[in-house]
Amino acid sequence: MSNGTEQKILEAALKVFSEKGYTGARTRIIAERSGFTEMTLFRKFETKENLFNQVLTVNQQKIMEKVNSLVSLDDEITDPKAQFKVLIFNLADLIDENFDYVNIIIYERDRASKSITELFISHLGDYLKKFPQDKIDSNVLAYMILSFLYFIILNKESKDAILNMDEAVGEFITYHSNSLEL
């Protein structure tokens, strides 16, 4: 079975697990969306649980590579407020582009390894330590940033969006830039 087959099944599974959760996701639906048979899906992944875990693993690798590139982007920016602003807008884009994966991590947290979230928070928290502040733990700030961005993007995805994403993110940056003593 080709790598293209596996990739198409993983992409379809990501969408279905995000939309329906692990319990509601049917392998038949995943197979149909991928353009393959359920037999092909089971030949490649054996079980729904293996497929779910592979979806998490592949997407974790992708998102961590992007996070690593985000935190290395600011070498040219010397102003801490500008660095913080770039970081938050880039994280918003990252979460928006990977919303299905983030949605799975949040709603399937009992099935997903806690280490996935902890690794992301720890990595972002370590980066946030570079900003001068003594009022808040950097890991708490990382959780707060990611939670805020998730809910802003969730709002954007809804049919009845009540907030303007760019305005809300801008307000968040202004407030936290001031509280971080930047």
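Visitor: In which helix is Lys15 found?
Guide: This is a predicted model, so take each value as computed from it. Lys15 is found in helix H1.

Visitor: Is Lys15 buried, partly exposed or exposed?
Guide: Buried needs under 20% relative accessible area, and exposed needs over 50%. Lys15 has 41% relative accessibility, so Lys15 counts as partly exposed.

Visitor: Which residues does Lys15 touch, not counting those up to four places away in sequence?
Guide: Arg43 is 28 residues from Lys15 along the chain, and their C-alpha atoms are separated by 20 Å. With residues up to four places away left out, Lys15 touches Arg33 and Asp100.

Visitor: How do the axes of H1 and H4 lie to each other?
Guide: H1 covers residues 3–24 and H4 covers residues 48–71. Their axes come within 9 Å and cross at roughly 105°. Angles of 65 to 115 degrees count as roughly perpendicular. H1 and H4 are therefore roughly perpendicular.

Visitor: How do the residues of the contact of H1 with H4 divide by class?
Guide: From H1 come Glu6, Gln7, Ile9, Leu10, Ala13, Leu14, Phe17, Tyr22 and Thr23. They meet residues of H4, including Leu51, Phe52, Val55, Val58 and Asn59. By class, the contact of H1 with H4 divides into ten nonpolar, four polar and four charged residues.

Visitor: Is Asn59 buried or exposed?
Guide: Asn59 has its place in helix H4. The cut-off for buried is under 20% relative accessible area. At 8%, Asn59 is buried.

Visitor: Which backbone oxygen does the side chain of Asn59 reach?
Guide: Leaving aside neighbours within four places in sequence, Asn59 is in contact with Leu14 and Tyr101. The side chain of Asn59 also reaches a backbone oxygen at 2.8 Å, that of Val55.

Visitor: How does H3 lie to H4?
Guide: H3 covers residues 38–45. H3 and H4 pack with their axes 9 Å apart, at an angle of about 70°. That makes H3 and H4 roughly perpendicular.

Visitor: Which classes make up the contact of H3 with H4?
Guide: H3 brings Leu41, Phe42 and Phe45. H4 brings Lys48, Asn50, Leu51 and Gln54. By class, the contact of H3 with H4 has four nonpolar, two polar and one charged residues.

Visitor: What span should H8 have, and how far apart are its end C-alpha atoms?
Guide: H8 has 20 residues, 138–157. At 1.5 Å a residue, H8 should span 28 Å. The end C-alpha atoms of H8 agree with that, at 28 Å apart.

Visitor: At the start of H8, which backbone nitrogen does a side-chain oxygen of Asp137 approach?
Guide: Buried residues of H8 include Ser138, Leu141, Ala142 and Ile145. At the start of H8, a side-chain oxygen of Asp137 comes to within 2.9 Å of a backbone nitrogen, that of Asn139.

Visitor: How many helices and strands are in the chain?
Guide: Along the sequence the pattern reads α-α-α-α-α-α-α-α-α. The chain has nine helices and zero strands.

Visitor: What percentage of the residues of the chain count as buried?
Guide: The C-alpha trace spans about 55 × 35 × 30 Å along its principal axes. Among contacts with a separation of 6 or more, 68% join residues 24 or more positions apart. Of the 182 residues of the chain, the share that counts as buried is 44%.

How values were computed. Residues numbered from 1 in each chain as written. Predicted model: local features only at pLDDT ≥ 70, side-chain atom pairs only at ≥ 80, totals over all residues. Heavy atoms only, no water. Helix = DSSP H or I, 4+ residues; strand = E, 2+ residues; numbered from the N terminus. Expected span 1.5 Å × (residues − 1). Buried < 20%, exposed > 50% of the residue type's maximum accessible area, 1.4 Å probe, protein only. Polar contact = N/O pair within 3.5 Å; in protein donor to acceptor, adjacent residues only side chain to side chain. Axes fitted to C-alpha atoms, helices over the stretch in contact; angles between N-to-C directions. Parallel < 35°, antiparallel > 145°, perpendicular 65-115°, else oblique. Contact = heavy atoms within 4.5 Å. Nonpolar A, V, L, I, M, F, W, Y, C, P; charged D, E, K, R; others polar.
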